[in-house]
Amino acid sequence: PQKSLFFHRNSNYPISKGIKAVNGKDSDLKYEPGWEDMEECNKDKLLVQEQAANFMKVLKVLWQDFLQCYSSRPLLYWSVWWALSTCGYFQVINYSQGLWEKVMPSQSSEIYNGSVEAVSTLLGAIAVFAVGYIKLSWSTWGELALSMFSILIAAAVYVMDTVRNIWVCYASYVLFRSVYMLLITIATFQIAANLSMERYALVFGVNTFIALLLQTLITVIVVDSSGLGLDIFTQFKIYAAYFAAIALIFLLSGICSIRRKYQRQEEMQAKSSSDS
């Protein structure tokens, strides 16, 4: 051939940006002024686009995992109770000292607030240890158990608010914390049992975020002066009603779940008897 394929390029061969040929010859290449800035700017744009694409990919994976996790009904109702009760628990322990101060002012009498906190923590730990000895089908009776224990929590908060005796307040507070620590341990185990280890952070993070969001809303509405700014005794009546509402929700849900389960069993028995 007259021209070698390797040593003779077409004159129309594209030349990279920032470089131009002089007199049509490739051998006389010169760089345009500021070409370094142009190359750096292009690299930055590509990097930003890649980071945005990766971020959207991560969000998509998180959303898919979120939908897959909370599509499980047992995990959903344990998570709902976890978030709602944790919100109420934080409210009670944050403002219980203020309630006790109103019942028995510390300036005029001797108080045992610190001792009560220690005793309630100890009894809560004992209750958590006793969970391992509870033999119960949580998949069947879990919602009803949550309802019954939530009623007990609501009663403890109500008694602590209405009976203006410091020792009754202390006893109710110990009962409140012990029952909550017992239930939150069961709820945490049941949630973890329905998850793979890679999704623990996602589910518990979402549950905690919802609990703190609800707590913030309740604080702004009930406690803060920009909201209702209610007195401490009215606040605790609201907290007791809050736990009573949780108990009612899970009572109705538990009854419906058990009814559906027994209906399915009856249908299966009727089908098996007809086949035989």
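Biologist: Leaving aside neighbours within four places in sequence, which residues is serine 79 in contact with?

Modeller: In this predicted model, serine 79 is in contact with Tyr70, Ile191, Val203 and Asn207. Serine 79 itself lies in helix H2.

Biologist: Why is serine 79 called buried?

Modeller: Its relative accessible area is 3%. Buried means under 20%, so serine 79, at 3%, is buried. The C-alpha atoms of serine 79 and threonine 188 are separated by 8.5 Å, although the two residues are 109 residues apart along the chain.

Biologist: What is the overall make-up of the chain in helices and strands?

Modeller: There are 7 helices and 2 strands. Read from the N terminus, the order is β-β-α-α-α-α-α-α-α. Of the 276 residues in the chain, 32% are buried. The accessible surface comes to about 17700 Å², and carbon and sulfur atoms account for 64% of that surface.

Biologist: Among contacts with a separation of 6 or more, what share comes from residues 24 or more positions apart?

Modeller: Such residues account for 75% of those contacts.

Biologist: Where is leucine 195 found, and is leucine 195 buried or exposed?

Modeller: Leucine 195 is in the loop between H5 and H6. With a relative accessible area of 12%, leucine 195 is buried, because the cut-off for that word is under 20%. Apart from neighbours within four places in sequence, leucine 195 is in contact with Cys69, Leu75, Tyr200 and Val203.

Biologist: What makes the pair of arginine 73 and glutamate 143 a salt bridge?

Modeller: The distance from N to O between their side chains is 3.2 Å. A salt bridge requires a side-chain nitrogen of Lys or Arg within 4 Å of a carboxyl oxygen of Asp or Glu, so the pair, at 3.2 Å, qualifies. The two residues belong to distant parts of the chain: arginine 73 is in helix H2 (residues 73-103) and glutamate 143 in helix H4 (residues 138-162), 70 residues apart.

Biologist: Why are arginine 73 and glutamate 143 described in terms of burial as they are?

Modeller: Arginine 73 has a relative accessible area of 36% and is partly exposed, because that term covers values between the 20% and 50% limits. Glutamate 143, at 2%, is buried.

Biologist: How many salt bridges does a search of the whole structure find?

Modeller: The search finds 3 salt bridges. In one of them, arginine 177 pairs with glutamate 117, with the closest N and O atoms 3.0 Å apart. Arginine 177 lies in helix H5 and glutamate 117 in helix H3, so the pair ties together parts that are 60 residues apart in sequence. Arginine 177 is buried at 11% relative accessible area, whereas glutamate 117 is partly exposed at 21%.

Biologist: What salt bridge does aspartate 161 form?

Modeller: Aspartate 161 forms a salt bridge with lysine 237, and their closest N and O atoms are 3.1 Å apart. Since aspartate 161 lies in helix H4 and lysine 237 in helix H7 (residues 232-275), this pair ties together parts that are 76 residues apart in sequence. Aspartate 161 is buried, with a relative accessible area of 0%; lysine 237, at 38%, counts as partly exposed.

Biologist: How are two packed helices described, and what are the values for H3 and H5?

Modeller: The description uses the angle between the axes and the distance between them. Helix H3 (residues 113-130) and helix H5 (residues 166-193) pack at an angle of about 35°, with axes 8 Å apart. Their crossing is right-handed. Residues making the contact include Val116, Glu117 and Ser120 of H3, and Tyr173, Val174 and Arg177 of H5.

Biologist: Which residues make the nonpolar surface patch?

Modeller: Phe209, Ile210, Leu213, Leu217, Val220, Ile221 and Leu228 make a patch of about 660 Å². Leucine 213, one of these residues, is in helix H6 (residues 200-223).

Biologist: What makes leucine 213 partly exposed?

Modeller: Its relative accessibility is 42%. Buried residues are under 20% and exposed residues over 50%, so leucine 213 at 42% counts as partly exposed.

Technical notes: Residues are numbered from 1 along each chain as its sequence is written. This is a predicted model: local features need pLDDT of at least 70, side-chain atom pairs count only at pLDDT 80 or more; totals for chains, interfaces and linings use all residues. Side-chain values use heavy atoms; hydrogens and water are left out. Patches are made of residues with over 30% relative accessible area and no salt bridge: like charges are joined within 9 Å, nonpolar side chains (Val, Leu, Ile, Met, Phe, Trp, Tyr) within 5 Å. Accessible areas come from the Shrake-Rupley method with a 1.4 Å probe; for residues, only the protein chains shown count as cover. Helices (H or I, at least four residues) and strands (E, at least two) are DSSP runs, numbered from the N terminus. Buried means under 20% relative accessible area, exposed over 50%, partly exposed in between (1.4 Å probe, protein chains only). Contact means heavy atoms within 4.5 Å. Axes are lines fitted to C-alpha atoms, for helices over the stretch in contact, and angles run from 0 to 180 degrees between N-to-C directions. A crossing is left-handed if the near helix is turned anticlockwise from the far one by less than a right angle, and right-handed if clockwise.
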